[in-house]
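Please read these notes with the sequence and the model open side by side.

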Amino acid sequence: MTSSLSFINMPQLTYAGEIRNAVLIIHGENAHSRYFGEDAYKMLTGDNKELLIIPGANHVDLYDRMDIIPFDKIASFFEKYLK
């Protein structure tokens, strides 16, 4: 059995500002967790971060709606930062 209790003593964004690697955050416009991605994005430093909001999408849409998943953006981000 698992739960989120382990995160009570260690908030997940505590060290977000220390991340030096490139980060691409993708969220649906209507995702219930969108605020979390936006908060994380604000805490990241450097010019190698991107936040992409998919218009009209919710959280689950980005799992299996092949027509709205931004594969081209993901590929170009990886090509730019994974060397």
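**Notes on the model**

1. The side chains of Ser33 and His59 are joined by a polar contact of 3.5 Å. A polar contact is a pair of N or O atoms within 3.5 Å; within protein, one must be able to donate a hydrogen and the other to accept it, and residues adjacent in sequence count only if both atoms are side-chain atoms. Ser33 sits in the loop between β1 and α1 (34-43). Leaving aside residues up to four places away in sequence, Ser33 touches His27 and His59; contact means heavy atoms within 4.5 Å. Ser33 counts as buried because its relative accessibility is 15%. Buried means under 20% relative accessible area, exposed over 50%, and partly exposed in between (1.4 Å probe, protein chains only).

2. This is a predicted model, in which local features need pLDDT of at least 70 and side-chain atom pairs count only at pLDDT 80 or more, while totals for chains, interfaces and linings use all residues. Residues are numbered from 1 along each chain as its sequence is written, and side-chain values use heavy atoms, with hydrogens and water left out.

3. The protein chain has three helices and two strands, which run β-α-β-α-α from the N terminus on. Helices (H or I, at least four residues) and strands (E, at least two) are DSSP runs, numbered from the N terminus. Of the 83 residues of the protein chain, 23% count as buried. Among contacts between residues at least 6 apart in sequence, 66% join residues at least 24 apart.

4. Lys49 belongs to strand β2 (residues 49-54). The side chain of Lys49 does reach two backbone oxygens: that of Tyr41 at 3.1 Å and that of Leu44 at 2.9 Å. Residues touched by Lys49, not counting those up to four places away in sequence, are Val23, Tyr41, Lys42 and Leu44.

5. The structure holds four salt bridges. One of them joins the side chains of Arg34 and Glu38 (2.7 Å, N to O). Both residues lie in helix α1, four residues apart, about one turn of the helix. Arg34 is partly exposed, with a relative accessible area of 25%, and Glu38 is also partly exposed, at 24% relative accessibility.

6. Glu50 and Lys73 meet through their side chains in a salt bridge (2.4 Å, N to O). Glu50 lies in strand β2 and Lys73 in helix α3 (residues 71-81), so the pair ties together parts that are 23 residues apart in sequence. Glu50 counts as partly exposed at 21% relative accessibility. Leu24, in strand β1 (residues 23-28), touches both Glu50 and Lys73, and also Ile74 and Phe77, not counting residues up to four places away in sequence.

7. Asp61 forms a salt bridge with Arg65, and their closest N and O atoms are 3.9 Å apart. Salt bridges that share partners join Asp61, Arg65 and Asp67 into one network. Is Asp61 buried or exposed? Asp61 is buried, because its relative accessible area is 13%, whereas Arg65 counts as partly exposed at 33% relative accessibility.
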